[in-house]
Amino acid sequence: MPRESLLVIRALLLKLSNSRRMARRVTSNGVSRRMARRFVAGEELDEAIAAARACNRAGMMASLDYLGENVASEADARRARDAYLGIFDCIAQEKLDANVSLKLTQLGLDLGEEFCQGLVETIVERAAGYGNYVRIDMEGSAYTQRTIELAKRVRAKNPAVGVVVQSYLYRSGQDVRELIGIGCRMRLCKGAYKEPREIAFQQKADVDANYIRLMQLLLPSGLYHGIATHDPRMIAATLDFVAEHRIAKDKFEFQMLYGIRTDLQQKLVRDSYRMRIYIPFGRDWFPYFMRRLAERPANLVFFIRNLFRSR
Ligand SMILES: Cc1cc2nc3c(=O)[nH]c(=O)nc-3n(C[C@H](O)[C@H](O)[C@H](O)COP(=O)(O)OP(=O)(O)OC[C@H]3O[C@@H](n4cnc5c(N)ncnc54)[C@H](O)[C@@H]3O)c2cc1C
């Protein structure tokens, strides 16, 4: 498929990911539900716990993500907070090697920063009580500044929290330097949203080159960071860099998404690298699923073929 067509399809999928009407249609369709299971562990917590247990048995850590974003009411945001408190209790009871990833718009960022911060603080306190950790995912650029500032404020009270930086954003080099300066741990990823050229690299080669630059800033910082990618070239660049700079294998971790490149996950574990699998679960899986389809057109072709086959 020509590159231009791919970009159009990708942009369309990312736009559709915000449509509540589309979400209702797709999530009530049996075929899409089955297909989403490739990327989503299930709709209930016990399914995510089972997936985390399987990861631990395979020598990998987990990060549980209770799917949901852009809640419309304070009651929904409080429900999400309660779900995360329950997840930390469950991780502790089950003695899992797992932490949690969450999105601020699921905890009411659109409804008020102070309100959202209060909920996040409660979750981070619960995590810290168990010696555990909260990772704040990074959403679209409308939220970047607010996410970083809120994370810094919460972190000033309790260090059991870290953020995510996206290599497609021009600003990320500056963010990484500032966050290293305050001792904040980060996850580095490429970025999953549609962003304009005024603020973000548009070409894959530029996003990748910046990924490598940011990785080279993060890893010598002496802080424990997550290198989140399935891209063999980003992984090779990381392995070369840590070998050259004698950075020990337990000073950082690789991170990958549930259901993607399991072969590569296992290979890195066999080579004694630390690997954490991001395990999403919950009923609100539509936007996450659309972002995964947008990342790889082959997924979309597979999805459409299955939809037609089922008729
Ligand atoms: C642990 C983790 C957490 C993340 N958290 C965030 C976040 O907080 N905010 C954010 O914006 N983004 C997040 N992302 C998504 C990230 O930004 C990228 O969109 C995604 O990881 C694809 O980039 P890549 O590095 O794998 O490289 P790419 O160049 O996109 O892909 C490299 C190779 O990986 C495989 N691959 C990648 N994606 C898929 C897919 N969907 N299906 C099948 N194969 C695939 C393919 O083999 C592809 O050739 C996260 C990613 C990971 C791994």
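**The ligand and the strands behind it**

Reader: How many residues surround the ligand, and which are the closest?

Author: In this predicted model, 27 residues surround the ligand, each with a heavy atom within 4 Å of it. The closest are Met138, Gly191, Thr229, His230 and Glu295.

Reader: What conventions apply to the numbering and the values?

Author: Residues are numbered from 1 along each chain as its sequence is written, and, the model being predicted, local features need pLDDT of at least 70 and side-chain atom pairs pLDDT 80 or more, while totals for chains, interfaces and linings use all residues. Side-chain values rest on heavy atoms, leaving out hydrogens and water.

Reader: At what distance does an oxygen atom of the ligand lie from an N or O atom in the side chain of Lys190?

Author: This is a polar contact, that is, a pair of N or O atoms within 3.5 Å (within protein, one must be able to donate a hydrogen and the other to accept it, and residues adjacent in sequence count only if both atoms are side-chain atoms). A polar backbone atom of Gly191 is 2.6 Å from a ligand oxygen, and an N or O atom in the side chain of Thr229 is 2.6 Å from a ligand oxygen. For the side chain of Lys190, the distance is 2.8 Å.

Reader: Which strands form the closed barrel, and in what order?

Author: Strands (E, at least two residues) and helices (H or I, at least four) are DSSP runs numbered from the N terminus, and two strands pair if DSSP finds at least two bridges between them. The pairing in this closed barrel of eight strands is parallel, and the order is S1-S2-S3-S4-S5-S6-S7-S8.

Reader: How much is the twist, on average, from one strand to the next?

Author: Axes are lines fitted to C-alpha atoms, for helices over the stretch in contact, and angles between N-to-C directions run from 0 to 180 degrees. From one strand to the next, the twist averages 30 degrees.

Reader: Why is S4 described as largely enclosed by the rest of the structure?

Author: A residue is buried under 20% relative accessible area, exposed over 50% and partly exposed in between (1.4 Å probe, protein chains only). Strand S4 spans residues 161-166, and it is largely enclosed because, of its six residues, those buried number six.

Reader: In S5, which residue is the bridge partner of Val165?

Author: S4 and S5 run parallel and are joined by four bridges. Val163 has Met186 as its partner in S5, and for Val165 the partner is Leu188.

Reader: Which residues of S5 are buried on each side?

Author: Strand S5 covers residues 186-189, and both of its faces are covered. Met186 and Leu188 are buried on one side; on the other are Arg187 and Cys189.

Reader: Which residue of S6 is the bridge partner of Leu188?

Author: S5 pairs in parallel with S6 (residues 225-228) over two bridges. Within S6, the partner of Leu188 is Ile227.

Reader: Which residue of S7 stands opposite Ile227?

Author: S6 and S7 (residues 252-257) are in parallel pairing over four bridges. Opposite Ile227 stands Phe254.

Reader: At about what angle to S4 does H8 run?

Author: Helix H8 (residues 172-181) makes a right-handed β-α-β unit with S4 and S5; right-handed denotes a clockwise path from the first strand over the helix to the second, with the strands pointing away from the viewer. H8 lies across S4 and S5, and its angle to S4 is about 160 degrees.

Reader: With which residues is Ser172 in contact, leaving aside its neighbours within four places in sequence?

Author: Ser172 lies in helix H8 and counts as buried because its relative accessibility is 2%. Contact means heavy atoms within 4.5 Å. Beyond those sequence neighbours, the contacts of Ser172 are Val165, Gln166 and Leu214.
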